[in-house]
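Here is a walk through one protein chain. Keep the sequence and the 3D view open while you read.

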Amino acid sequence: RIVYVEASRGCPFTCEFCLSSLDVPVRQFPLPALIEQLQRLLDRGLQQFKFVDRTFNLNLNTSRAILEFFLERYRPGLFVHFEMIPDRLPEGLREIIAKFSPGALQFEVGIQTFDPATAKNISRRQNYDRLKDNFRFLRQNTGVHIHADLIVGLPGESVESFGRGFDRLVALGPQEIQVGILKRLRGTPIIRHDREWEMVYSPFPPYEILQNKLIPFQTMQKMRRFAKFWDLVGNSGNFVETTPLIWSRSDSPFNSFMRFSEWTFSRIGRRHSIALETLARELFEYLTTEMGLEKEAVVRALWNDWQRGGRHEKPGFLANYISNEEVKLARMRSLGPKRQARHFAAVPAGEQQKESAGAE
């Protein structure tokens with residue numbers, strides 16, 4: 001169902017937490033041979049390609065050639081994933097990217113931190129102004145699905161600075177934000193910070209950080225819960241309309257979602273093996289009782305999200321709020337991988353009202 005592809009190998013950057021930083025220089029595979037093999041895969045019916053180049057948009061000529069190849073052969077359901085440098089998106093690539101149908105492209109954008117001092121500690125270079133402009137272009141002018149990464153536990157990054165970075169990233173509007181926990185990969189130079197920042201890692205794979213000078217063990221556990229619940233709620237595409245309600249009365253999505261994750265964990269007692277309806281019910285209870293939001297607005301958001309996943313039956317906790325007629329009208333059309341399609345299926349509330357008025 002999916003093929004992993006390399007158009008190049010190696011990375012020009014020296015981020016200290018990453019094994020790819022040890023693999024220099026970047027080597028390009030011969031483009032004619034690569035294109036020939038991609039065509040053979042398309043001819044055999046493959047629909048999903050995941051390029052694992054660490055910096056796909058480093059060599060612009062190669063990037064452009066591969067994008068043009070897929071654009072010329074586009075068919076409904078085609079899905080191509082690339083790992084991109086967040087601050088490098090020149091006009092030549094923008095023109096091609098904007099021509100793809102919504103959901104056909106996914107960009108994995110590794111930001112890792114918005115704190116300049118932390119970025120310097122791990123030898124990571126990026127231009128935040130260009131990054132912001134590229135995000136704005138992708139969200140306003142393309143149908144690209146953006147998967148952005150942040151890392152918890154980097155040397156010099158406190159929970160507060162991570163939270164500010166998370167809020168900043170939410171404002172840029174990616175469809176998914178992966179909150180990763182720092183791992184001590186053997187051979188990477190991140191170990192040079194162990195003494196200064198009191199970095200303590202698990203001795204067992206995947207060697208995740210347990211605590212450091214700025215984030216004690218108990219707080220790191222809270223961050224793990226935050227990351228897991230964010231993936232279940234914010235990233236899954238199951239709660240596209242409902243998730244923003246969590247911070248609708250706050251200027252900090254991070255602080256608001258942290259409160260929700262801790263509240264939910266205190267009630268459920270776990271962060272794994274949580275049924276979707278259970279999670280939806282917890283959202284309903286939190287938003288209506290803890291936050292005191294208008295019940296009708298919460299019901300509408302949750303019901304829209306429930307249908308977006310292709311479900312037509314009423315969840316038990318919404319049974320008294322959704323009419324049978326609405327259930328009959330529930331329909332869902334999905335293109336490409338389901339997780340990405342759920343994000344693109346969202347219709348802003350204002351647009352829903354316009355459509356309803358037009359129908360009348």
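Start with a pair of residues. Leu150 stands opposite Val179 in β8. Strands here, like helices, are DSSP runs numbered from the N terminus; a strand (E) has at least two residues, a helix (H or I) at least four. The model is predicted, so local features need pLDDT of at least 70 and side-chain atom pairs count only at pLDDT 80 or more, while totals for chains, interfaces and linings use all residues. Residues are numbered from 1 along each chain as its sequence is written, and side-chain values use heavy atoms, with hydrogens and water left out.

Leu150 belongs to one face of strand β7. Ile146, Ala148, Leu150 and Val152 point one way, and His145, His147, Asp149 and Ile151 point the other way. Eight of the eight residues of β7 (residues 145-152) are buried, so the strand is largely enclosed by the rest of the structure. Buried means under 20% relative accessible area, exposed means over 50%, and partly exposed lies in between (1.4 Å probe, protein chains only).

Now look at the partners of β7. Strand β6 (residues 105-112) runs parallel to β7 and is joined to it by six bridges. Two strands pair if DSSP finds at least two bridges between them. Glu108 has His147 as its bridge partner in β7. Six bridges also join β7 to strand β8 (residues 176-181), again in parallel. There, Gly180 is the bridge partner of Ile151. Five of the six residues of β8 are buried.

Next comes Phe166. Contact means heavy atoms within 4.5 Å. Leaving out residues up to four places away in sequence, Phe166 touches Leu150, Ile177, Val179, Phe226, Trp230, Pro253 and Phe254. The largest nonpolar core has 97 residues; Phe49, Phe51, Phe70, Phe82 and Phe166 touch the most other members. Such a core is a set of buried Ala, Val, Leu, Ile, Met, Phe, Trp, Tyr and Cys residues joined through side-chain atoms within 4.5 Å. Helix α7 (residues 217-235) gives this core its largest share, seven residues. In soluble globular proteins, nonpolar side chains tend to be buried together.

Two loop residues are also worth a look. Ser202 sits in the loop between β9 (200-201) and β10 (209-211). Its relative accessibility is 16%, so Ser202 counts as buried. A polar atom of the Ser202 side chain lies 3.1 Å from the backbone nitrogen of Phe204. Beyond four places in sequence, Ser202 touches Tyr207, Glu208 and Leu210.

Thr242 is in the loop between α7 and α8 (253-268). Thr242 counts as buried because its relative accessibility is 0%. Past its neighbours within four places in sequence, Thr242 contacts Leu283, Leu287, Ala301, Leu302 and Asp305.

Finally, check the confidence. pLDDT is the predictor's confidence in each residue, from 0 to 100. The chain has a mean pLDDT of 90, and 91% of its residues reach 70 or more. Over residues 331-335 the pLDDT is below 50. Residues 347-360 also stay under 50, and the model has six contacts for them beyond four places in sequence.

Methods. A polar contact is a pair of N or O atoms within 3.5 Å; within protein, one must be able to donate a hydrogen and the other to accept it, and residues adjacent in sequence count only if both atoms are side-chain atoms.
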